[in-house]
Amino acid sequence: MLKNDHKASIYTSKNLDKPMNIITTPIDGLKIKLNKVIGDKRGHLYEIAPGGNDNALIQGKIGNIYCATATKKGIARGGHYHHELIEFFYTLTGTVLWLFKDFRKDSKTFNKTYSVISGEKIQNINLNPEGVNAYYISESVAQILVPTGVYHIFYSLTDKKVTVLAITNLPHDN
């Protein structure tokens, strides 16, 4: 398990000055933008990329859009990094623990780790699963920008099927 260099915090739409606030992380280039959510008991409308190609993180660089799923609690998906590809992730259903580690040897944040819990708000969530301090983002769709050279993996924290939407700056290089 990756060690996290940050203390646990909770971000909700109630304690943000702006609904599309950008959270800085201890890893250079890894950014989290909290997008607006409008909803009631009938359902929700999530803004995925406010401004489209003019979105502050996407900046007109859409190469591919795809989804990844995890079918039950504890399932890990991802577990890699890219040499040229930049990815933007959104947890649409379920709740996940994201882990990140900077593998870029020339980066000022080389070897730093970071984790965040995102997705649907659930009661009694363990904010410190397996000893990992993680930021917990609830009541917002987190747009997570993962730069090249940053290892990323997500773990499902619930038995509900997890769906993660990804947008890349280039066609996917699997």
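Q: How many aromatic pairs are there in this one?
A: The count comes to 6 aromatic pairs. Keep in mind that this is a predicted model.

Q: OK, what does the pair of Phe89 and Trp98 look like?
A: That pair is tilted, with 4.8 Å centre to centre and 40° between the planes.

Q: Are those two buried or exposed?
A: Phe89 and Trp98 are both buried.

Q: And how far apart are the ring centres of Trp98 and Phe154?
A: The centres are 5.0 Å apart, and the planes sit at 50°, so this pair counts as tilted.

Q: Where do Trp98 and Phe154 lie?
A: Trp98 is in strand β9 (residues 95–102), while Phe154 belongs to strand β13 (residues 150–156). The pair therefore ties together parts that are 56 residues apart in sequence. Both Trp98 and Phe154 are buried.

Q: Which residues form the aromatic cluster?
A: One cluster is made up of Phe89, Trp98, Phe100, Tyr114 and Phe154.

Q: Switching to charges: how many salt bridges?
A: The count is 3 salt bridges. One of them joins Lys160 and Glu120, with the closest N and O atoms 2.9 Å apart.

Q: What parts does the pair of Lys160 and Glu120 tie together?
A: Lys160 lies in the loop between β13 and β14, and Glu120 in the loop between β10 (113–119) and β11 (135–137), so the pair ties together parts 40 residues apart in sequence. Lys160 is partly exposed at 44% relative accessibility, and Glu120 is partly exposed too, at 24%.

Q: Why does Arg104 count as buried?
A: Arg104 has 16% relative accessibility, and buried means under 20%.

Q: And Arg42, what's its partner?
A: Arg42 pairs with Asp40, with the closest N and O atoms 2.6 Å apart. Arg42 is exposed, at 74% relative accessible area, whereas Asp40 is partly exposed at 37%.

Q: New topic, Thr168. Where is it found?
A: Thr168 is in strand β14 (residues 162–168). At 0% relative accessibility, Thr168 counts as buried.

Q: What does the side chain of Thr168 reach?
A: The Thr168 side chain reaches the backbone oxygen of Leu170, at 2.5 Å.

Q: And which residues is Thr168 in contact with, leaving aside neighbours within four places in sequence?
A: Its contacts are Lys61, Ile62, Gly63, Asn64, Tyr66, Leu85, Ile86 and Glu87.

How values were computed. Residues numbered from 1 in each chain as written. Predicted model: local features only at pLDDT ≥ 70, side-chain atom pairs only at ≥ 80, totals over all residues. Heavy atoms only, no water. Helix = DSSP H or I, 4+ residues; strand = E, 2+ residues; numbered from the N terminus. Buried < 20%, exposed > 50% of the residue type's maximum accessible area, 1.4 Å probe, protein only. Polar contact = N/O pair within 3.5 Å; in protein donor to acceptor, adjacent residues only side chain to side chain. Contact = heavy atoms within 4.5 Å. Phe/Tyr/Trp six-rings, centres within 6.5 Å; stacked < 30°, edge-to-face > 60°. Salt bridge = Lys/Arg side-chain N within 4 Å of Asp/Glu carboxyl O.
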